[in-house]
Amino acid sequence: MQRLPARSPLVRRLSQTVAVLPIYQGSVLADAPPTFTEVGLRYTQYTEDALSDDKVLFGSKDRYDINITQLWIEAPVGASWSVALDVQNDYQTGASPWFVGTTSEGNPGVIMSGASIQDNRVEVGVTTRYFWADGNAGFNVIHSDEDDYEAVAWSMDAAWNTNRNTRTWTASASSSHDTVEPTQEKIPVFIDKEKLDTHSLYFGVSQILSRTAIVKVGLSYTYSEGFLSDPYKLRDARPEAHHRYTLATGLRQHFVPLDGSLHADYRYYSDDWGSQSHTVSLGWVQQWDRHTLNPYLRYYSQGQADFFSPVADFTSAYYSDDYRLSSFGALTAGLRWTVEVGDWTAEAQLERYVSDHGWSTFAGESAPGLVDFWRGTIGIIWRFD
Amino acid sequence: MGGPASITVNPGHHTSDHNNGTIAEAAISTAAARLAELERKYSRFDPYSLISQINARAGSEIFTPIDVEMRSLISLADQLWRETEGLFDPTVGVLNQVWDFNAGKSENPDRLRDLLDKVGWDRVECDERGIRLPLQGMELDLGGLVKEFAADCAAAILRDAGIRSALVELAGDIVALGGQTSDAAWQIGIRDPQAPADSIVSVQLTNAAICSSGNYARRFHHNGKFVSHLLHPQTGQPIDGPCSVSVIGESALVAGTIATAACLQDEAGAQTWLDQSALPWLMINKENYCLGTIQ
């Protein structure tokens with residue numbers, strides 16, 4: 001089977017001239033499985049900054065390092081199906097905040113879990129997808145296993161095109177069933193085995209506005225029930241149910257003279273734990289010969305959960321000093337680069353994330369354990385018939 | 001467009017509606033009507049076509065209004081003219097008047113020089129009022145684009161009708177909708193220039209277009225060379241280009257224009273151009289030697 005490569009700059013320039021015609025909006029042709037087999041290997045190094053001296057009362061200042069290796073293969077099966085296998089291995093070392101205490105002056109500070117945590121997680125996922133003239137539908141099963149956590153999840157999704165392929169509707173449903181069995185190491189844990197079930201629904205639509213612009217909007221709802229606390233945090237006690245809602249919108253605007261595209265996204269999140277967040281992302285995707293450069297910037301602002309307290313609160317039924325439930329703002333800056341050479345695509349990405357209580361647009365208390373991190377990724381993809 | 005046209009729908013591989021045959025027949029009729037409409041609009045041989053109106057007004061101050069469709073095709077022609085540094089020129093057809101392709105010479109070199117003054121895409125005026133050819137005798141011919149566009153239009157009509165397996169073929173430009181069956185691609189033969197009834201290569205195609213541009217049927221001897229009937233817009237002389245070029249793309253329009261523009265260049269230039277497109281291609285040179293990336 002003859003494989004069609006990604007559009008070269010020449011083909012993109014020619015295609016742009018007729019993209020206003022309805023038959024060239026979306027695709028002239030039907031949805032179809034890939035005409036080639038793709039094999040990819042990607043390695044990601046995630047490194048959290050060490051905490052500063054004034055934020056740690058006891059324990060290591062070093063935090064998590066995670067090495068993530070992903071391998072995937074996707075291949076067509078007949079003229080209407082594709083199947084994909086994804087395998088991911090995460091190796092995690094380091095320490096995380098155990099609880100927040102106070103100094104003799106009354107300032108909050110973190111007691112760390114100690115640099116003893118080592119964990120390895122292996123996730124295997126299989127996806128099969130069916131394509132028809134106006135859309136496609138997929139079914140995915142994932143199994144994830146690590147020393148203290150096991151998860152089995154499935155998802156179904158469908159996308160179908162209307163209005164001469166200028167409008168694409170997307171719907172998905174997923175469910176995961178997790179079992180947590182904390183390991184007893186240097187910090188005490190108080191549970192043996194707990195369950196957590198999570199169910200999620202998504203519905204979205206994207207619309208081609210013109211030959212150079214696409215907008216999209218999507219709504220999601222996620223419900224979790226079971227053990228939602230962190231067993232490795234002292235006295236962490238969260239409600240046994242969690243309802244989460246998101247509204248996400250996006251614009252893709254291509255600029256023909258520059259052969260580049262602006263990506264602008266906004267996401268609003270709200271849950272029944274009293275937390276809300278805004279996420280605004282701006283990115284620029286520049287095509288240059290066989291290279292693609294994608295610098296991006298993301299701002300995130302979160303309001304704290306109702307039961308968050310920076311130091312132990314024994315009066316409430318629910319309590320957590322987890323910095324992830326506090327009020328804070330975060331900035332992410334990154335650069336992604338890909339290059340295509342024949343059947344091969346190489347990619348590299350570097351991202352810096354920094355957070356600060358003062359950057360939040362929401363009121364709330366600060367947490368001393370806010371995280372900053374670097375993330376770097378390299379990968380290679382091979383496509384063949 | 002003036003060539004043979006065929007539409008093949010594979011029974012049993014289209015819409016889930018129980019009345020498959022009726023839907024397929026209706027879609028084929030609609031596609032055939034669309035092809036006829038495009039023929040009436042863009043043919044330079046039909047005196048009532050839009051192209052003939054534009055050509056008839058050459059040299060006058062009158063702009064002929066054009067719709068979005070034609071404006072887009074004009075825009076593509078303009079982009080091709082720029083990309084090929086003027087080799088792809090929709091006004092070059094006027095030079096055919098002075099060439100006797102059988103004899104391999106221009107009938108009247110003085111007239112050739114006069115007609116060269118009437119060639120030049122950069123002289124064509126196109127704005128919000130429409131399009132105008134400023135010199136009497138200038139001619140516009142979008143034949144290098146319209147056949148491929150028509151193939152895409154016919155395929156889109158079939159797809160919109162829910163048909164999942166079909167083949168649209170317009171004189172060498174082919175659009176495959178789906179595979180021939182749910183498990184097998186369409187088998188497309190690329191013509192052997194030495195024996196046009198035979199295939200030199202066979203390719204498998206699913207949801208893609210393959211377009212061939214070639215001059216094997218209309219080549220002639222000139223100055224001791226076997227050359228193309230395609231003429232260089234700046235010199236008026238025949239182009240010593242490849243014998244045939246086939247390109248596979250997601251649309252016939254882009255694949256076809258890439259193939260056509262390749263045939264306007266010498267073999268080295270064509271190869272560079274085709275590599276630049278990054279689309280799968282096959283070039284058959286004058287020695288009937290195949291090279292390219294089509295597998």
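The following legends describe close-up views of a predicted model.

Local features are taken only at pLDDT of at least 70 and side-chain atom pairs only at pLDDT 80 or more, whereas totals for chains, interfaces and linings use all residues; side-chain values rest on heavy atoms, with hydrogens and water left out. Residues are numbered from 1 along each chain as its sequence is written, and chains are lettered from A in the order in which they are written.

**View 1. The interface of chain A and chain B.**
The contact (heavy atoms within 4.5 Å) takes 37 residues from chain A and 47 residues from chain B. About 3,400 Å² is buried between the two chains, 62% of it from carbon and sulfur atoms; buried area is the accessible area (1.4 Å probe) that two parts lose on being put together, summed over both. One salt bridge is found across this interface, a salt bridge being a side-chain nitrogen of Lys or Arg within 4 Å of a carboxyl oxygen of Asp or Glu. The side chains that form this bridge are those of Arg13(A) and Glu83(B), at 2.5 Å from N to O. On the side of chain A that touches chain B, helix H1 (9–18) and strand E7 (117–132) of chain A are the elements that give two or more residues. H1(A) gives the most, with seven residues. Helices (H or I, at least four residues) and strands (E, at least two) are DSSP runs, numbered from the N terminus. The residues of this side of chain A divide into 20 nonpolar, nine polar and eight charged; Ala, Val, Leu, Ile, Met, Phe, Trp, Tyr, Cys and Pro count as nonpolar, Asp, Glu, Lys and Arg as charged, and the others, Gly among them, as polar.

**View 2. A three-stranded open sheet in chain A.**
The strand order is E2-E6-E5, with mixed pairing; two strands pair if DSSP finds at least two bridges between them. Strand E2 (56–58) and strand E5 (97–102) of chain A are the edge strands, each pairing on one side only. The twist averages 40 degrees from one strand to the next. E2(A) runs parallel to strand E6 (residues 108–112) of chain A, joined by two bridges, and Val56(A) stands opposite Val110(A) in E6(A).

Strand E16 (residues 291–302) and strand E17 (residues 328–341) of chain A run antiparallel and are joined by 12 bridges; Leu335(A) in E17(A) is the bridge partner of Pro295(A). E17(A) also pairs with E18(A) in the antiparallel sense, over 13 bridges, with Thr332(A) opposite Tyr353(A) in E18(A). The hairpin of E17(A) and E18(A) has two residues between the strands, and Gly342(A) takes a positive phi near 60 degrees there. The side chains of Glu347(A) and Arg42(A) meet in a salt bridge of 2.4 Å, N to O. This pair links strand E18 (residues 344–356) to strand E1 (residues 37–48) of chain A, the two residues being 305 residues apart.

**View 3. A seven-stranded open sheet in chain B.**
The order is E1-E6-E7-E10-E13-E14-E15, with antiparallel pairing. Strand E1 (5–9) and strand E15 (290–292) of chain B stand at the edges with a single partner strand each, so one side of each has no neighbour in the sheet. The twist averages 10 degrees from one strand to the next. Strand E7 (residues 173–177) and strand E10 (residues 208–214) of chain B pair over four bridges, and Ile210(B) in E10(B) is the bridge partner of Ile174(B).

How values were computed. Axes fitted to C-alpha atoms, helices over the stretch in contact; angles between N-to-C directions.
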